[in-house]
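Here are my notes on this model, point by point. Please read them with the structure open.

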Amino acid sequence: MYYSKFKDKEVSLLGMGCMRLPLDSQGEVDVDASVAAIRKGIDEGINYMDTAYVYHNGFSERVLGMALRDGYREKVLIADKMSIWLAKTEEDLDRLFDKQLSRLGTDYIDIYLLHNQNRKFFEKCKKLNIFSWLDQKKKEGKIRYTGFSFHDEYDVFEEIIKSYDWDMCQIQFNYIDENYQAGIRGLKLAGEMNIPVVIMEPLKGGRLASKLPPQIEPMWKEMSEDRKPVDWAFRWVADHPQVMTILSGMSSMDQMTENLELFKTITPGCLSDEDRNVLSKIADTFRSLVEYGCTECRYCMPCPQRIDIPKTIRLYNDLALYDNAAGVHTEYSWMAPYTASKCVECKACESHCPQSLPVSSIMKKCVEKFGE
C-alpha cells in the first residue's frame, strides 16, 4: 500500500471510515465483525481510522476503542470530530471531548476535526471560541493535530481554510462530484497551502461501486484496462497528488478484503489521460441521470415518522438510473407502512443533511412516483 508523509508520520492511502460499520440482522452494529474488520485492516497496513461523536449514535467510537485494545492503539492515527451542533456553551466542548476520550479508551486523539463545517456551524464555532479551545487541547497533549470536515460551497471552504493554522482538512470528492462543494478548487487550494486532504465519499455512498446504469456500462470498454468500477473510482481520487488518505466505509469483511487488494496497486498519478477522459464522460452521463445526490450518510436519521429517508431517495433515483421499474417498486413496497406518505414536513432532517437536499419535497415526489 502507498503511504504519504504527514508531519513525522507515514499515513496509508486507504483509511477506515467508521461511519458504516458492519451491521447484524437487527440493523445494529455487529461488534465482533466490526472489530475483526478493523484489526484486519490494521494488520494489513491501514493506519488511519476516522470516526465521530454521532456515528452509529456514539457506538462507532466505542467499537473503535474496543478494536484498538491489545496494542492496536499505537499502530494507528485516530481522527475524531467535534459535532459542534451538540454544543451550546464552551463548557460543552470539554464535556463532549472527554466523553469521546472515554469511548475510545485513549488519553489523546491524533487528529481532531471540526465536524461537518458549513457557514452556520463555522459561525457557531467562532462564537464558542473554538480556536482557543483547540490550542489549549494541543498544549495539554490531548490533541496532536487539527483539521475540519467540510460540506458547503467553495467560498465558505476558502474562508475556513484560511482562518486557522490547520494541519489537514477533509472534503467530499469523487469523479461524479468533482465540482461539488469544495471540489477540485478546494483540493487545489489546500495543496497550494500545503494542507493535506483526506477524502470522504470516494464512492458516493457506494453508488460508484455497485452496478451502474445501463447507459454507462458500455463506456467501461473504453478504459485502458479491465478493472471494476470501484477500482477506477478509487484510482480517480488517488490520481490527485493533494490527497493524503481516501476513506472507505467498509461495512463487511469482504469489502475490507477487496479494498486492501485494490490498494496494493493504487498510487498518486495512476491514471492515463485516456482513462481520465473516459471517466469524465461517465461522470457526465451519471450526473444527467441522477436528480438528487444523496450519499446515504444517514445524518438525517432517525426520522420521527420512521421513514428510511436515504433508502427512499435511493429508490427514487433508481427509477431513472436502472431499467428495473418493477423491482424498484417492489423494494419500495417492502418499506410499508413507513413510506414517503408518512412525511409531515417537519424538516428536522433537512437541517442535518450535508448535501442540503430538500427532503420534504423529495418525499412528495416519491408519493407521486410510487403511489404511497
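1. Strand pairing first. Two strands pair if DSSP finds at least two bridges between them. Helices (H or I, at least four residues) and strands (E, at least two) are DSSP runs, numbered from the N terminus. Strand 1 (residues 3-6) and strand 2 (residues 9-12) pair in the antiparallel sense, over four bridges. F6 has K9 of strand 2 as its bridge partner. Two residues sit between the strands of this hairpin, and K7 takes a positive phi near 55 degrees there.

2. Ground rules. This is a predicted model: local features need pLDDT of at least 70, side-chain atom pairs count only at pLDDT 80 or more, and totals for chains, interfaces and linings use all residues. Residues are numbered from 1 along each chain as its sequence is written, and side-chain values use heavy atoms, with hydrogens and water left out.

3. T51. This residue lies in the loop between strand 4 (48-50) and helix 2 (59-67). T51 counts as buried because its relative accessibility is 0%. Buried means under 20% relative accessible area, exposed over 50%, and partly exposed in between (1.4 Å probe, protein chains only). The side chains of T51 and S60 are joined by a polar contact of 2.7 Å. A polar contact is a pair of N or O atoms within 3.5 Å; within protein, one must be able to donate a hydrogen and the other to accept it, and residues adjacent in sequence count only if both atoms are side-chain atoms. Leaving aside neighbours within four places in sequence, the contacts of T51 (heavy atoms within 4.5 Å) include C18, E61, L64, D80 and L104.

4. Helix 5. Which residues of helix 5 (residues 130-140) are buried? They are I130, F131, W133, L134 and K137. The face turned away from the buried side carries the exposed residues S132 and K139. Cover for the buried residues includes strand 5 (77-82), helix 3 (90-104) and strand 7 (143-150). Just after helix 5, G141 takes a positive phi of about 80 degrees.

5. Nonpolar cores. A nonpolar core is a set of buried Ala, Val, Leu, Ile, Met, Phe, Trp, Tyr and Cys residues joined through side-chain atoms within 4.5 Å. The largest has 94 residues, and L134, W166 and Y175 have the most contacts inside it. Helix 8 (residues 229-238) gives the largest share of this core, seven residues. Another core, of 21 residues, lies apart from it; C294, I307, V328 and I362 are among them. Not counting residues up to four places away in sequence, W166 touches L114, F131, L134 and I195, among others.

6. V156. This residue is in helix 6 (residues 154-161). V156 counts as buried at 4% relative accessibility. Beyond four places in sequence, V156 is in contact with N118, R119 and F150.

7. C300 is in no disulfide; the nearest cysteine sulfur, that of C349, is 6.2 Å away. The sulfur of C349 is 5.9 Å from the closest cysteine sulfur, in C346, too far for a bond. C300 counts as buried at 14% relative accessibility, and C349 counts as buried at 11%.

Notes
Disulfide = S-S within 2.5 Å.
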